[in-house]
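Good morning, colleagues. Please look at the sequence and the structure on the screen while I go through the aromatic residues and then the chain as a whole.

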Amino acid sequence: VMDDTSHTGIHYRSDDFNEAKPNRYTIIRAQFDKWFSRKVREMPKPETVAIAVKEMHFLPEEVIGQRFGVKGDEGCVIEAV
C-alpha cells in the first residue's frame with residue numbers, strides 16, 4: 001500500500017535464491033516494451049499481472065555486503081506494493 005508520503009513492504013529471504021537454477025531475469029527494455037504494449041492491448045485481468053522496476057547498485061563488494069547483509073554471490077530484493 002502506497003501514498004504520497006509512505007509505503008508498506010514485506011521482506012522475504014531464503015537461501016533457495018542462491019541455487020544454480022535461474023530465479024531472476026534481466027530484460028532489454030526496447031524489446032520488452034514492444035512486446036508488453038501488444039500484450040496490454042489484449043487487456044489481461046489486473047489480478048493476473050504485475051510490473052517491477054529493477055535498481056542496480058554499483059558499489060564495492062564490501063559496501064554492498066554491509067548495507068544489504070549479503071556475502072559472496074548473494075543478492076538482495078526489496079519489494080514495495
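Predicted model: local features only at pLDDT ≥ 70, side-chain atom pairs only at ≥ 80, totals over all residues.

Phe 32 and Phe 36 both belong to helix H1, where four residues, about one turn of the helix, separate them.

At 40% relative accessibility, Trp 35 counts as partly exposed.

A search of the whole structure finds three aromatic pairs. In the pair of Phe 32 and Trp 35, the ring centres are 5.7 Å apart and the planes stand at 40 degrees; because stacked pairs are under 30 degrees and edge-to-face pairs over 60, this pair is tilted. Phe 32, Trp 35 and Phe 36 together make up one aromatic cluster.

Which residues make the nonpolar surface patch? Trp 35 and Phe 36 contribute to it, together with Val 40, Met 43 and Ile 51, and the patch amounts to about 530 Å². Of these, Val 40 lies in helix H1 and is partly exposed, with a relative accessible area of 39%. Met 43 follows H1 and has a positive phi, near 50 degrees.

As for the helix itself, H1 has 13 residues. From its first C-alpha to its last it reaches 18 Å, close to the 18 Å expected at 1.5 Å a residue.

Let me turn to the chain as a whole. The protein chain contains two helices and two strands, and along the sequence they follow the pattern β-α-α-β. Why is the chain described as more spread out than a compact globule? Its radius of gyration is 16 Å, whereas the globule rule gives 12 Å for 81 residues; the value is well over that figure, hence the description. The C-alpha trace spans about 45 × 35 × 25 Å along its principal axes.

Finally, the surface. Of the 81 residues, 4% count as buried. The accessible surface of the protein chain comes to about 8300 Å², and 57% of it belongs to carbon and sulfur atoms.

Note on methods:
Residues numbered from 1 in each chain as written. Heavy atoms only, no water. Phe/Tyr/Trp six-rings, centres within 6.5 Å; stacked < 30°, edge-to-face > 60°. Buried < 20%, exposed > 50% of the residue type's maximum accessible area, 1.4 Å probe, protein only. Patch = residues over 30% accessible without salt bridge, like charges linked within 9 Å, V, L, I, M, F, W, Y side chains within 5 Å. Areas by Shrake-Rupley, 256 points an atom, 1.4 Å probe, with all protein chains shown as cover. Salt bridge = Lys/Arg side-chain N within 4 Å of Asp/Glu carboxyl O. Expected span 1.5 Å × (residues − 1). Rg over C-alpha atoms; globule rule 2.2 N^0.38 Å.
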